[in-house]
Amino acid sequence: MTFAVVFPGQGSQAVGMLGELAEAAPVVRETFDAASTVLNYDLWQLAAEGPADDLNATERTQPALLAAGVAVWRAWRERGGARPAVMAGHSLGEYTALVAAGSIAFEDAVALVEFRGRAMQDAAPTGSGAMAAILGLDDDRVRAVCREAAGVGDIVAAANFNSPGQVVISGHSIAVARAVEAAKATGAKRAVMLPVSVPSHCELMRPAADQLARRLADIDIRPPEVPVIHNCDVTAKSDPAAIRDALIAQLSEPVLWADSVRAMAERGVDRVLEFGPGKVLTGLVKRIDKSLSGAAVNSPESLDKELEEMGVDG
C-alpha cells in the first residue's frame with residue numbers, strides 16, 4: 001500500500017479534540033505543552049476546555065491545529081508508523097505537513113502560524129471580508145460568478161477548489177453576498193456564507209502576505225524529508241527559498257486541493273490518511289478520486305486500526 005498523509009486547516013478544530021488519544025499517547029500532551037511554552041498560554045487547556053470562541057480566534061486556532069496534527073503524527077511514528085510517500089495540508093495544514101516532513105522546526109512553526117493568524121485578521125477588519133461555499137457548480141462557472149459579482153473596488157474570487165462541485169469563494173463581504181445570490185440564480189445546489197472572520201486566499205490577504213514574507217526570512221527552512229505538495233501550485237519543493245515563496249503565495253492565492261489529491265494519485269498513492277481533528281479532508285478525498293481510500297486518524301481506535309492495516313504490531 002502506498003499512502004499519503006494530509007493535515008486539516010481551520011474549521012476542523014473543536015473543543016475536546018484529541019482528548020482520548022492524549023490519554024493513550026502521552027506524546028499528544030507533550031506536543032501541546034511544547035507549543036504552550038512558545039505561546040505563553042496553556043494551549044492544551046484551551047483545546048480541551050475552550051471556550052469555543054477563544055479556540056476559534058484565528059491566531060489561536062492556527063497553533064492549536066498545528067499542534068494537533070503534529071501530535072497525531074508523533075503518535076503514529078512513536079508506534080512504528082511508516083513515513084508516507086507524500087504529504088500535504090489544506091491551507092494552515094501545509095505548515096503542519098512541513099513540520100512533520102522535517103522542513104520547519106515545530107517551535108518555529110507554532111510562533112509562525114500565531115503570527116500568520118494575527119496578520120490575516122489585521123489585513124481585513126472584522127466585517128469587511130467574508131467567505132462562502134458554492135456547491136453544485138463547476139470551477140469555471142464559479143469563476144464567472146465571481147467576475148460578475150465583483151464591483152469597482154470590491155473583490156471576490158474562488159479561494160478553495162476543494163472537490164468537484166465544491167468551491168469556496170472569498171473577498172469583500174458585499175461582493176461575496178452578491179456572488180452567493182448569483183450562484184443560486186445560476187443553478188448552484190447550495191450557496192451559503194461561512195462563519196469566518198477572515199477572507200482567506202484572496203487579494204485582501206496581500207498585506208498579510210507581505211508581513212509573512214518578512215517573518216519567514218528569519219525562519220530556518222530545510223529540504224523536506226518527505227515530499228510536501230503545496231497548495232498554490234501543486235508541486236513539491238526541496239529548495240528552502242521556493243518553500244518560503246509558496247507559503248507567501250498561499251495566503252492570497254487559491255488552495256488547489258482537488259488538484260493536490262489528484263497529484264497524490266499520480267504518484268501511486270492509493271490511501272490517504274488525515275492526521276488531526278475531524279474528517280473534512282477524508283470526505284473530500286472520496287469525492288475527488290473514487291479510486292482512493294481514506295481515513296481520519298485522531299483517536300486510539302483509528303490509530304490502532306491504521307497501524308494494523310500497515311502491518312505494524314504496535
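Student: Is Ser 252 buried or exposed?
Tutor: Ser 252 is buried, at a relative accessible area of 6%. Buried means under 20% relative accessible area, exposed over 50%, and partly exposed in between (1.4 Å probe, protein chains only). This is a predicted model, in which local features need pLDDT of at least 70, side-chain atom pairs count only at pLDDT 80 or more, and totals for chains, interfaces and linings use all residues. Residues are numbered from 1 along each chain as its sequence is written, and side-chain values use heavy atoms, with hydrogens and water left out.

Student: Which residues does Ser 252 touch, leaving out those up to four places away in sequence?
Tutor: Ser 252 touches His 201, Cys 202, Glu 203, Met 205 and Arg 206. Contact means heavy atoms within 4.5 Å.

Student: Where does Ser 252 lie?
Tutor: Ser 252 lies in helix α11. Helices (H or I, at least four residues) and strands (E, at least two) are DSSP runs, numbered from the N terminus. Ala 249 also lies in helix α11, residues 240-252, and Ala 249 counts as buried at 17% relative accessibility.

Student: Why is helix α6 described as largely enclosed by the rest of the structure?
Tutor: Eight of the eight residues of α6 (residues 93-100) are buried, so the helix is largely enclosed.

Student: Which peptide bond is cis?
Tutor: The bond from Gly 50 to Pro 51 is cis, with omega near 10°. Pro 51 is in the loop between α3 (43-49) and α4 (52-55).
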